[in-house]
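I opened the model today to look up a few contacts. My entries follow in the order in which I made them.

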Amino acid sequence: MPFNRKPQKFNAAIKSVVIGSGDKTVTLGGENVLPFYAFDGEIKNGPKVGVEITDLGMEGEPESVKAYYEGAATMGEIAKKAAAMEGADFLCLRLAGGDPNGLNKSVEELIETVKEVADAVDVPLVVEGCKNVEKDSELLTKVAEVLQGRNVLVMSAREEDYKAVGAAAGLAYNQKVGAESAVDINLAKQLNVVMTQLGVSADSIVMNVGSAAVGYGYEYVVSTLDRIKAAALSQDDKMLQMPIITPIASETWNVKEAMATEEESPEWGNQEVRGVSMEIQTAAASLASGSDAVILKHPQSVATISKMIQELM
Amino acid sequence: MALSGIQIFKMTPKKNCKECGCPTCMAFSMKVAQGAMDISACPYMSDDAMAQLSEATAPPMKTIKVGTGDSEYTLGGETVLYRHEKTFVSKTRYAVSLCSCMSDEEIDAKLEEDKKVDYDRIGERMCAEMLYVNYAGNGVDKYVSLVTKAAATGKVLVLGCEDADAAKAALEVCKAGKPILNGANASNYEEMSKLATEAGVVLGISGANIDELHDTVEAIEKLGNKNLVLDTTEATIKETFATTVQVRRASLKDTDRTFGYPSIVNLAKIAQGDRYMQQALLSLFTMKYGSIIVLEEMGYAEALPVFGLRQNVFTDPQKPMKVEPGIYPLNGADENSICLTTVDFALTYFLVSGELERSGVPVNLVINDAGGLSVLTSWAAGKFSGNSISKFFKENVEDKVKSRKVIIPGKVAVLKGDIESKLPGWEVIVAPLEAVQLVKFMKDLQANGEL
Ligand code: B12
Ligand code: SF4
């Protein structure tokens, strides 16, 4: 008997969400097959790769990342270099300095940085907050306002602050909203439900369903992604059909495999190569389970993952 | 193909004699179809029907064993495509590639490098378990000497060899270690299958495309050989992914028994010389259905992430990995040593205790009962709180330890005040965020005389 092909055809699809404006836009999602299952049906938009920069500039970055940005003195210049990275589809600015338990930069100061970055580049933009719910409610609302017309993705609206962030980004200023939940399919769905009840269009939502570095509770990330894609495609669950974006760099560069210096762990060898591999492998695993976009920071990871995606399309 | 109760009923003797414990043959057939009873419970089933039925009720994917002794590994035997449905049973294994085209110096250096990556992660040994020994067609003697060298490592060998003479000679020197002969294709399979069967080893089969692979497996099964693995590597990354996924899916979802075997994915072929791409594909194929993944180099950069990923993906989704709550004295700590507290999630314990040991500073590691969850997860779930920590210390620590200082994880710095108010007499010290920062932190505390 010859091999009998049984493609998994779904009568449902992931929504397509466009970010960016003018002739520089990027579409997230849109697929109606499982991740990279091009043998089941054509994949219109492959997954996308974003480059992360933070308002802290090059402070605390690995040497090799600093080397890539050499000569860039201002946030605008850093943004330009990031946008020009080989394999980059969009830029992600993370406002880490806003954290009240960290630098606690003021909203005004951060908004200046946001404007500087937005003015320097015309690529699609994602803006991430500082993870503190109170601060983000104010900060991200303001981000949505000052970037009107740029059609950016504002991350993130959570259970605690979706009313403020969702309303500003999704309703008042017509941006795209990132819905962030903590590695659980029910929580992800619930957030989409309440956000759409608030009036945010289901077509303006991108989900961040949580992430971790491989080896660090990553099994839950895999199962959450797998189950969401299954529900979206095989059960046509409309409240889980939003494309998924997964921040990778902010997870992988803090773990021991990437942080331990060669002095501390001589047998482990070159620190940079370890960090890059951690970022690449975590990104590849997330894409295999259904992320429609990943956010990375090392030029080597960005180039490799974007090439892997091209190879699989 | 799974059979229905009616189909099974047609094969029973229809005596309704009740000896199987069921009131009728029909009732028995329904039970068998559901998997609740075994066909052998009926003593009157014909041999022919038995053969047909045991074939039909056999597991969809065969379990294949390779290697011997401590290096024996089980491949395949999976029943599900996703880990949330049921636990995956056979971990992906990794093989570093060697080639008869390499010089002796290159080979020795590679074997030496390969030895270095061998470590423990949460109680599990991590190393590339196999060596892939490729024959470049440059002389049987050369190949045999390489195989001999590789066999001496004690690792399981995968012989990448489509030449019958070379394969025969190589098997002579290594068959006792139960290697895989990965060399059958559409044109040589009869000879190769004979060699593998005679040597008592597993045969690897490849095909120019998925259809040819299917046909060749069928042909080999007809010869009576079912001790097989399928090399799903094709010309490109895209085709390799397509074949690897479709083979696994056809066997588990569409019960195509011909494809019910473990797979080999050879990254040294589809991403030759590109270390970063191999890292990406290492992860991709660990997620999606590589039973053995061949790669050019398994350094720490490759190993640390992929073995973490493998450990995660192959854990039982129902059971969190926990350690026993209690006091763990480290580095010779006694009742006067300082306390440091964290949660009972096995991974957290492993990371934190590892760093504490490296610091060499005596410390009582106090593991709370936090439901086997990570620091922030248990905190968010209310299982690692000022209340729970102070209660645990009062009940389990205060009468055993005299020190009244406790270090808490930086991720729950907010708990400091709460613990201090609920645990009178104790001083709470907030540590940095990550375990990797502990060595310096502990040494600094010691140097400042704060212990
Ligand atoms: C996997 C996971 C889960 C798994 C649990 C797995 C487990 N065994 O813990 C599941 C899916 C069950 C889960 C559930 C929830 N989760 Co959860 N989860 C995660 C995830 C992705 C990884 C956690 C992990 O395993 N980390 C690895 C371990 C090793 O980390 P760790 O214990 O913190 O240890 C590190 C450090 O703290 C340090 N350390 C530990 N002890 C000590 C001590 C000292 C002295 C020092 C110096 C260092 C140190 O060492 C380690 C390495 O550096 C994180 C996000 C993330 N990327 O971290 C979210 C996360 C922790 N979860 C979160 C939440 C909110 C939840 C839920 C409450 C969601 C909900 N509303 O239901 C539930 C609660 C569970 C419940 N109700 O039972 C939030 C917490 C938010 C917050 N800041 O409070 C997080 C951060 C996700 C997010 N961004 O929102 N989660
Ligand atoms: S033992 Fe066999 S013949 Fe007798 S009732 Fe059961 S199935 Fe029928």
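How many residues does the contact take from chain A and from chain B? I got 52 residues from chain A and 52 residues from chain B. I note at the outset that this is a predicted model.

Entry on the interface. I looked up the area buried between chain A and chain B and found about 4,700 Å². Carbon and sulfur atoms give 62% of that area. On the chain A side, A:Phe3, A:Phe39 and A:Gln281 lose the most area to chain B, and together they make up 15% of what that side buries.

Entry on charges. I counted 4 salt bridges between chain A and chain B. I also looked up a salt bridge that joins the side chains of A:Arg5 and B:Asp211, at 3.1 Å from N to O.

From α4(A), the contact uses A:Asp136, A:Ser137, A:Leu140, A:Thr141 and A:Ala144. From α5(A), A:Ala164, A:Val165, A:Ala168 and A:Ala169 take part. By class, I have 6 nonpolar, 2 polar and 1 charged for this contact.

Entry on ligand 2. I listed the residues around ligand 2, among them B:Cys17, B:Cys20, B:Cys25 and B:Cys42. The list also includes B:Pro13, B:Phe28 and B:Pro43, as well as B:Lys15, B:Asn16, B:Lys18 and B:Glu19. I sorted this shell into 7 nonpolar, 1 polar and 3 charged residues.

How values were computed:
Residues numbered from 1 in each chain as written. Chains lettered and ligands numbered in written order. Predicted model: local features only at pLDDT ≥ 70, side-chain atom pairs only at ≥ 80, totals over all residues. Heavy atoms only, no water. Near = heavy atom within 4 Å. Nonpolar A, V, L, I, M, F, W, Y, C, P; charged D, E, K, R; others polar. Contact = heavy atoms within 4.5 Å. Helix = DSSP H or I, 4+ residues; strand = E, 2+ residues; numbered from the N terminus. Buried area = accessible area lost by both parts, 1.4 Å probe.
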